[in-house]
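Take a look at the model below. The text then walks through it element by element.

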Amino acid sequence: MSIKIGDKAPDFTLVTKTADGPETVTLSDHIGESNILLLFVPMAFTGVCTTELCDITNSINEYADLGAKVFAISGDNPFVQEVWAQKEGIKLPLLSDYEHAVSKAYGVAYEQFLPEANLIMGGVSKRSAFVIDKAGVVQLIDIQDHPKDLPDFAAVKECLKGL
């Protein structure tokens, strides 16, 4: 499935791990409250993913000032995500797409992650950014084919400024 700018964002319910235990996060519960920046990352405990989410954590107030709530999604289980977040100081909600259904719904699932490195796992999320406005409409899509490439966060911020 491939979504386009102007499409309604596919709804989902995923699990996050909090200090109070596992909780569910449903996208549609946040529509209307704020704009949303959805970040898909391949997997926990990898260099580029850690750097990206630590950078976002360090600028989380900037995104809040732009009227955006930020969520990161990976295929890792929520307990692994929690350990990763604690170890690295990641402060944004990490959502577990363990069955890769959301990655597939957003059109960002690899058929094979990095076969040249013998990482042939299917369903791993491509590094991506989606800006969703308060009406639940996708306003920006930035999907990277190579996992070392980051989305254009300057473009993300410009999009958010315009909403």
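What follows is a short tour of selected strands and helices.

This is a predicted model, in which local features need pLDDT of at least 70, side-chain atom pairs count only at pLDDT 80 or more, and totals for chains, interfaces and linings use all residues. Residues are numbered from 1 along each chain as its sequence is written, and side-chain values use heavy atoms, with hydrogens and water left out. Helices (H or I, at least four residues) and strands (E, at least two) are DSSP runs, numbered from the N terminus.

Start with strand 3, residues 35-40. Buried means under 20% relative accessible area, exposed over 50%, and partly exposed in between (1.4 Å probe, protein chains only).

In strand 6, Phe130 is the bridge partner of Leu38.

Now turn to helix 3, residues 78-88. Its buried residues are Pro78, Gln81, Glu82, Trp84 and Ala85. Seen down the helix axis, they fall within an arc of 165 degrees, so they line one face of helix 3. The arc is that of the directions from the helix axis to the C-beta atoms. An α-helix has 3.6 residues a turn, so residues three or four places apart point the same way. Exposed Gln86 and Lys87 sit on the face turned away from the buried side of helix 3. The buried residues pack against strand 1 (13-18), helix 1 (47-58), strand 4 (68-74) and strand 5 (94-96). Just after helix 3, Gly89 takes a positive phi of about 80 degrees.

Cys49 is found in helix 1. UniProt lists Cys49 for "active site" in an unreviewed entry; such annotations may be inferred rather than shown by experiment. Cys49 is buried, with a relative accessible area of 1%. Leaving out residues up to four places away in sequence, Cys49 touches Val41, Pro42, Met43, Trp84 and Arg127, where contact means heavy atoms within 4.5 Å. Trp84 is also one of the buried residues of helix 3.

Methods
Pairing = 2+ DSSP bridges.
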